[in-house]
Amino acid sequence: RGEAVPAHVHFRLFATLSTHGARGARAGADGLLGSSVWTRVEIAPLDSEMPLIIAGVFPPLAPHADMLAQAFGRVAAAAGLPLSTGDLLKWCRRLSAYGNDTFSLFKEAVDAFAMREADYTRWRAAVHAIGTVFGLSRQRVDTHIDQSSPTTSTSGRVLRIGHASLGIEDSAAPAAAIDRMPFADTHHARSLLERIAACVQLGEPALLSGETGTGKTTVVQHLASLAGRPLAVFNLSQQSDSSDLLGGFRPVDVALLALRLREEFDPLFARTVSVSKNAAFLDNVRVAHGKKDWRRLAALLRKAADNAAKVLDAARQAVECGSDAGPALKRQKVSAESIDELEKAWASFKAQ
């Protein structure tokens, strides 16, 4: 736009670039925009410090830190997966939650590392490679892949799906209704349900990929129903942007907003004080609205809310003393409950 924005003298820009291997690091950095003006700092792999990282971040796993670091390296090599330190930390976080026996090491490694592989044949080969690292037989791995069937149960306010557990909110379906929910309870669906529940429990983002009709949305909806959790569904496309998820600023019609305020203000005002005795004030409100004098209209509405608070406070004191609610409040049967309701309504109105 031909516009120049001068930078502050202390302004500095830091950028990071994720790479795989020394050659990839050099090629990626050379292709960076304005690569010649950057001060380049090469970060060496953390292979030798992996045990220290595990022990520092996950103290309960400190006695097994060396073994876990070595196993992580063997898994990456055997399965042919491009794993990073973040994958190691995810694996250790899962082991801290679900145990670190031999089968847990294998099971959590499969979920943390191998589930990114979209091709089923390559995924199955990666799972067998992980099983070999932990000394599991091919038959044992095949049994886990083809016959593992996590169960779903409730205990008090806790929902258990396989090794994952989630707190049940108040809106959850009762335990007796779980088996009656319209859900195809297959081996594949149960395994997927357990994996998603573990991601929810550990706060991990999850991306479900697959063809239409394979049950991606249905499984998530079923889990939300069992746990009584609110579920917001967004249908995204190539035209979607961040505002679809985070919201944004759009032009608004002030006249429409003013009309909504008047529609809420008029009956609330009439419920609180006498309309006939405040006719002059209401005329001022109508004139300001009609002339689109939004500043004056806002000031009048704020003044009405402040006066209503004073009237209701005086009425509350009168009710507590057992006397008449006072001439300022509209003549009606007044109770502490009705005053509470009006106070909440005016507070909500003023907050707008």
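Biologist: In which helix is Leu245 found?
Modeller: This is a predicted model, in which local features need pLDDT of at least 70, side-chain atom pairs count only at pLDDT 80 or more, and totals for chains, interfaces and linings use all residues. Residues are numbered from 1 along each chain as its sequence is written, and side-chain values use heavy atoms, with hydrogens and water left out. Helices (H or I, at least four residues) and strands (E, at least two) are DSSP runs, numbered from the N terminus. Leu245 is found within residues 243–246, that is, in helix H10.

Biologist: What percentage of the residues of the protein chain counts as buried?
Modeller: Buried means under 20% relative accessible area, exposed over 50%, and partly exposed in between (1.4 Å probe, protein chains only). The chain has 14 helices and three strands. Of its 352 residues, the buried part is 31%.

Biologist: Why does Ser191 count as buried?
Modeller: Ser191 is placed in helix H8 (residues 187–202). Leaving aside residues up to four places away in sequence, Ser191 touches Ser148 and Pro150, a contact being heavy atoms within 4.5 Å. Ser191 counts as buried because its relative accessibility is 11%.

Biologist: Which residue caps the N-terminal end of H11?
Modeller: Helix H11 (residues 254–272) has 19 residues and reaches 27 Å from its first C-alpha to its last, close to the 27 Å expected at 1.5 Å a residue. Its buried residues are Ala258, Arg262, Phe265, Leu268, Phe269 and Thr272. At the N-terminal end, a side-chain oxygen lies 3.0 Å from the backbone nitrogen of Ala255, and the capping residue is Asp253.

Biologist: With which residue does Glu108 form a salt bridge whose closest N and O atoms are 3.0 Å apart?
Modeller: A salt bridge is a side-chain nitrogen of Lys or Arg within 4 Å of a carboxyl oxygen of Asp or Glu. The whole structure holds 16 of them. Glu108 is buried at a relative accessible area of 1%. The partner, also buried, at 3%, is Arg94.

Biologist: How many residues apart are Asp111 and Arg195?
Modeller: Asp111 counts as buried at 12% relative accessibility, whereas Arg195 counts as partly exposed at 22%. The two form a salt bridge with closest N and O atoms 2.7 Å apart. This pair links distant parts of the chain, Asp111 in helix H5 and Arg195 in helix H8, with a separation of 84 residues.

Biologist: Which loop holds Glu169, the salt-bridge partner of Arg229?
Modeller: The side chains of Arg229 and Glu169 meet at 3.6 Å, N to O. The two lie 60 residues apart, with Arg229 in the loop between helix H9 (216–227) and H10, and Glu169 in the loop between strand E3 (164–167) and H8.

Key
The expected span of a helix is 1.5 Å times one less than its number of residues. A polar contact is a pair of N or O atoms within 3.5 Å; within protein, one must be able to donate a hydrogen and the other to accept it, and residues adjacent in sequence count only if both atoms are side-chain atoms.
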